[in-house]
Amino acid sequence: MSTTFPQFRSRARRGILDEHLQQALDHTTEIYRTGRVEALGKLLDSEALRDHLKAIRSSTLARLAEHLETFERQALAAGVQVHWAHDGAEANGMLIDIARRHGVKMAVKSKSMVSEEIRTNAALAEAGIKPVETDLGEWIIQLAGEAPSHIVCPAIHKTRQQVAELFSRELNRPVSTEIPALTNEARQTLREKFLAAGLGISGANMAVAETGSIVLVTNEGNGRMVTSLPPVHVAVVGIEKLVPTWADAAVWLELLARSATGQPLSVYTSVITGPARPDDPDGPQEVHVILLDNHRSDQIGTAYEEVLQCIRCGACLSVCPVYREVGGHTYGSPYSGPIGAVVSPLLFGLEGFEALPHASTLCGACLEVCPVRIDLPRMLLELRSQEVGERILPWYDRVVERLAASLLASSRRWSFLADLARRLVRPISRNGSLRLPGRLNPAQPRNLPTLSRRSFRAVWQDGEIGDET
Amino acid sequence: MSQSSQHSIGSRQPATRHVALFVTCLVDQIMPEVGVAATRLLQRAGCQVDFPTEQTCCGQPFYNGGFRKESARLAKHTIEVFEAYPAVVLPSGSCAAMIRSEYLHLFRDQPEWHERARRLAAKTFELSQFLVNQIHWQPSKPPNGSTVTYHDSCHTCRMLGVREEPRLLLRCAGYSIREMAESDRCCGFGGVFSMRMPETSNAITAEKLRLAADTNASLLVTVDPGCLMQIRGLADAVDIRAEHLAVVLEEATR
C-alpha cells in the first residue's frame with residue numbers, strides 16, 4: 001500500500017476517465033452535500049451545536065487516558081472483556097485468538113473503517129477464518145476484492161449493473177439488475193451467514209465511558225444482527241472514539257448522520273453494554289472490546305492532534321473538488337478524501353504516501369463542512385512542510401523552490417530575470433499563452449500562460465498610468 | 001459616503017487616501033492590465049496610489065509547497081516593503097489572505113516578526129474588500145445589458161469572507177449577475193497543485209467551466225489572478241471568457 005506522485009496521478013487519470021465512476025460520484029456526493037445542508041438547516045442552531053461537539057471532542061482528547069480507564073472499568077463491570085492493542089497486528093492477533101478459542105470458521109462483520117485500516121479480513125483469511133461483510137456496500141467490495149472508496153458509502157463507485165454481475169458470480173446464477181432485487185439477494189444470502197457465524201465483528205462509532213457501552217450507527221440493521229446473533233461479539237474500537245457521557249454522545253449523534261447522509265439519525269442506532277443477561281431472550285454470551293491505538297496516541301500534543309476529533313462522517317469527501325474528480329481509490333488508503341489525505345500518512349507513514357498531502361487545492365471546503373471544524377488545510381500544509389524537512393520531496397523540487405525564493409527575494413534580480421525570460425518566450429507565445437507542442441506541456445491540454453509583453457512595473461516606471469484626476 | 005466627508009470645506013484637492021498597491025507576481029508578469037485597472041479604480045475612488053518597486057512575491061507558493069524558510073524570507077521582505085504605508089491593496093484574494101492570515105502562522109515562533117505581520121495584516125485588503133468596506137466606494141452606472149457570472153475564489157470567500165463585495169461592485173457598475181451552480185467550487189488551480197497533479201487540476205477546471213458556461217453569461221469574473229490564469233488555460237473549449245474584476249470595473253466606470 002502506497003501513494004507516490006506517479007501512483008496518485010495514474011490512478012487519478014483512470015478515475016477521471018471512468019464514466020461510471022464520474023456519474024456515481026456526481027450523483028452520490030450531490031445527495032450527501034445537499035442533504036447535509038438541509039438537515040443542518042432544520043436544527044435550531046447547527047453552528048452552535050458544531051462548536052459544542054468541537055469542545056466535547058477536544059476536551060475528551062485532552063484527558064483521553066482518564067476516559068479510557070473509566071470506559072475499561074465500566075465495561076468490565078458490564079461483563080465486557082477489554083483488550084488493549086498497540087497496533088493492527090496485535091488487534092488482529094487478539095481477534096484470531098478469540099475466534100480460535102471458540103472454534104470459529106466463519107465470522108460476520110458489520111461496516112468498520114478501523115478493520116479496513118488494519119486489514120482484518122486479510123489477517124482472518126490467512127488464519128483460516130472466513131470473514132463475511134454484511135453491510136451491503138462492504139459486501140459488494142469484498143466480492144470485488146476492492147477497498148472502500150468512500151468512508152460512509154464504501155461501494156459508491158459501483159453501478160447496479162456491476163453489482164449484479166458480482167452477485168451472479170457469487171451465487172452462480174443470473175441476478176436481476178433492479179435495486180430491490182439486488183438488496184433482496186443480499187438479504188437472503190447474508191441472513192444464512194448471520195445464523196451460521198460463530199463470531200460477530202464490529203467497529204464502533206462511539207465508546208461511551210460512563211457506562212462502558214459502544215454505539216453502532218447503521219442504516220441496514222446488519223450491525224444489530226452481527227452483534228446479537230453469533231455467540232461471540234468483538235468490537236475493535238479506535239481509542240479516539242471515546243466520549244465521556246451520554247449527554248456528550250447525544251450531541252455527537254445529532255451531528256453524525258446529518259453531516260454524513262443528511263439523515264436526522266441513521267435508521268439504526270444500537271447501544272451495546274455487555275453480553276446477554278441471563279433473562280435476555282438473545283444476544284452474545286461473550287463481548288470483547290479491543291481498544292486500538294495504532295499511532296493515534298502519537299498524534300496527541302502534535303500539530304495533528306485535532307485530526308483525532310474526526311467522527312468519520314465523510315462530509316469533507318462530498319465537497320472536496322479533488323475527491324469528486326478522482327474517487328476514493330486514487331488515495332490508495334481506506335481513508336480517502338481530505339481527511340484521508342491527512343490521516344493516511346499519519347497512520348501508514350509519510351514516506352510512501354507523500355502524494356496525499358498534495359492531493360488538495362487547499363480550497364478549504366472541507367473545513368467549512370466539518371462538523372468538528374478540523375482545520376484539514378492547515379494539517380496538509382504541516383505535512384507538506386514535514387516532507388520538505390525530512391527530504392521526502394524529490395531533490396529537484398527542493399533545488400527549484402530554493403532557487404526561486406532567492407531570486408524573488410530581490411526585486412532587481414527578479415525583474416532582470418523575468419525580462420530575460422520574456423524575450424526567450426516571445427517566439428513561442430500567442431494570445432497570452434505559451435504554445436508548446438503537446439508533449440512539452442506538462443499541463444496539457446491546459447495552455448500555460450506566457451509572460452506579458454511588458455511587466456506592470458515597467459508600465460508603472462515609465463509613468464504611463466497617469467492620474468486621471 | 002466617507003469620500004465626500006473627507007473633503008474639507010473649501011479645499012480644491014480631491015479627497016485622498018494613501019494606499020500601496022501590491023500588484024502580486026502573476027499580475028506583474030502575466031496580466032499587467034489588471035494592475036493598471038486596479039490603479040485607475042483606486043484613483044477614481046479618491047486614493048493616492050503608490051507602487052513600491054521593491055515588492056516581489058508574498059511567499060504563498062513556497063508556503064503552500066511546504067517551504068516555510070523560503071516563504072518566511074519573502075514574507076519578511078514583503079513586510080519591510082509595505083509596513084510603512086497606511087493601507088495595502090491587492091488585486092488578488094489569495095495573496096491578501098496569505099498576508100492577512102497565514103503570515104501569523106508562519107511567524108508563530110518569532111514574536112517580533114509576528115507582531116509586524118499582525119500590523120500589516122490589519123491594513124491589508126483585497127481590492128473589492130477595500131473599495132466596498134474601507135472607503136465605501138461604489139460606481140453608479142445604469143444597467144448595461146451584460147450578464148456575468150462570478151466565481152468565488154476559495155481563499156477570497158473562505159479565508160477573507162469576501163463574497164458580496166465583488167457582486168455589489170459588478171451590479172453597481174451596470175452588470176447583472178447570473179449565479180452559477182456552486183459558485184464557490186474550486187477552479188482547480190491550487191498553486192503548485194496545478195503542475196503536480198495536472199490531470200486532476202484540469203478535470204476540476206473543466207467542471208468549473210461547465211458550470212459557468214451553463215449560465216449562458218458572456219463573462220466569468222473573478223478577483224483572483226491565479227484562478228483567472230487557470231481558467232483561461234482551458235477556456236478555449238467553452239463559450240465563455242474570463243476576466244478580472246478590476247478590468248471589468250475599470251472599463252465600466254470610465
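Which strands form the open sheet, and in what order do they come?

Analyst: A word of caution comes before the details. This is a predicted model.

Start with chain A as a whole. Chain A has 469 residues, and 48% of them count as buried. It holds 21 helices and twelve strands. Its C-alpha atoms fill a box of roughly 95 × 55 × 45 Å along the principal axes. Now take the contacts between residues at least 6 apart in sequence. In chain A, 74% of these contacts join residues at least 24 apart.

Six strands of chain A form it, in the order S1-S10-S7-S4-S2-S3. The sheet is open, and the pairing is parallel. Its edge strands are S1 (81–85) and S3 of chain A. Each of these edge strands pairs on one side only. Neighbouring strands are turned against each other by 25 degrees on average, direction ignored.

Helix H5 (residues 88–101) of chain A packs on this sheet. H5 of chain A touches S1, S2, S4, S7 and S10 (286–292) of chain A. The direction of H5 of chain A makes about 170 degrees with that of S10(A).

Next, walk along part of the sheet, one pair at a time. In general, strands of a sheet pair through backbone hydrogen bonds. S2 (residues 106–109) and S3 (residues 130–133) of chain A pair in the parallel sense over four bridges. Move on to S4 (residues 199–202) of chain A. S2(A) and S4(A) also pair in the parallel sense, over three bridges. Here A:Val108 stands opposite A:Gly200 in S4(A). S4(A) and S7(A) pair in the parallel sense over four bridges. The partner of A:Leu199 in S7(A) is A:Val232.

Two further helices of chain A deserve a look. H8 (residues 136–144) and H9 (residues 160–171) of chain A pack at an angle of about 65 degrees, with their axes 10 Å apart. H8(A) is therefore roughly perpendicular to H9(A). Their crossing is left-handed. On the H8(A) side, A:Ile140, A:Leu143 and A:Ala144 make the meeting. They meet A:Val163, A:Leu166 and A:Glu170 in H9(A). An α-helix has 3.6 residues a turn, so residues three or four places apart point the same way.

Now cross to chain B. Helix H19 (residues 395–408) of chain A packs with helix H5 (residues 68–82) of chain B. The angle is about 10 degrees, and the axes are 10 Å apart. H19(A) and H5(B) are therefore roughly parallel to each other. From H19(A) come A:Glu401, A:Arg402, A:Ala405 and A:Leu408. They meet B:Glu70, B:Arg73 and B:Leu74 in H5(B).

Chain B is divided into domain 1 (2–132) and domain 2 (138–252). Their C-alpha centres lie 22 Å apart. The contact takes 29 residues from domain 1 of chain B and 24 residues from domain 2 of chain B. On the domain 1 side, the elements of chain B that give two or more residues are H2 (25–29), H3, H4 (60–65), H6 and H8.

One residue in H6 (residues 93–106) of chain B is B:Glu102. B:Glu102 is buried because 23 other C-beta atoms lie within 10 Å. Leaving aside neighbours within four places in sequence, B:Glu102 is in contact with B:Tyr63 and B:Ala97. B:Asn64 is 38 residues from B:Glu102 in sequence, and their C-alpha atoms are 10.0 Å apart.

Finish with H14 (residues 245–252) of chain B. This helix is mostly covered: six of its eight residues are buried. Among the buried ones are B:Leu245, B:Val248 and B:Glu250. Their cover includes helices H3 (32–44), H8 (127–134) and H10 (164–172) of chain B. It also includes strands S7 (219–222) and S8 (241–244) of chain B.

How values were computed: Residues are numbered from 1 along each chain as its sequence is written. Chains are lettered from A and ligands numbered from 1 in the order in which they are written. This is a predicted model: local features need pLDDT of at least 70, side-chain atom pairs count only at pLDDT 80 or more; totals for chains, interfaces and linings use all residues. A residue is buried if 20 or more other C-beta atoms lie within 10 Å of its own, exposed if 12 or fewer, and partly exposed in between; C-beta atoms are placed from the backbone. Two residues are in contact if their C-beta atoms, placed from the backbone, lie within 7 Å. Two strands pair if DSSP finds at least two bridges between them. Axes are lines fitted to C-alpha atoms, for helices over the stretch in contact, and angles run from 0 to 180 degrees between N-to-C directions. Angles under 35 degrees count as roughly parallel, over 145 as roughly antiparallel, 65 to 115 as roughly perpendicular and the rest as oblique. A crossing is left-handed if the near helix is turned anticlockwise from the far one by less than a right angle, and right-handed if clockwise. Domain bounds come from an automatic or database domain assignment.
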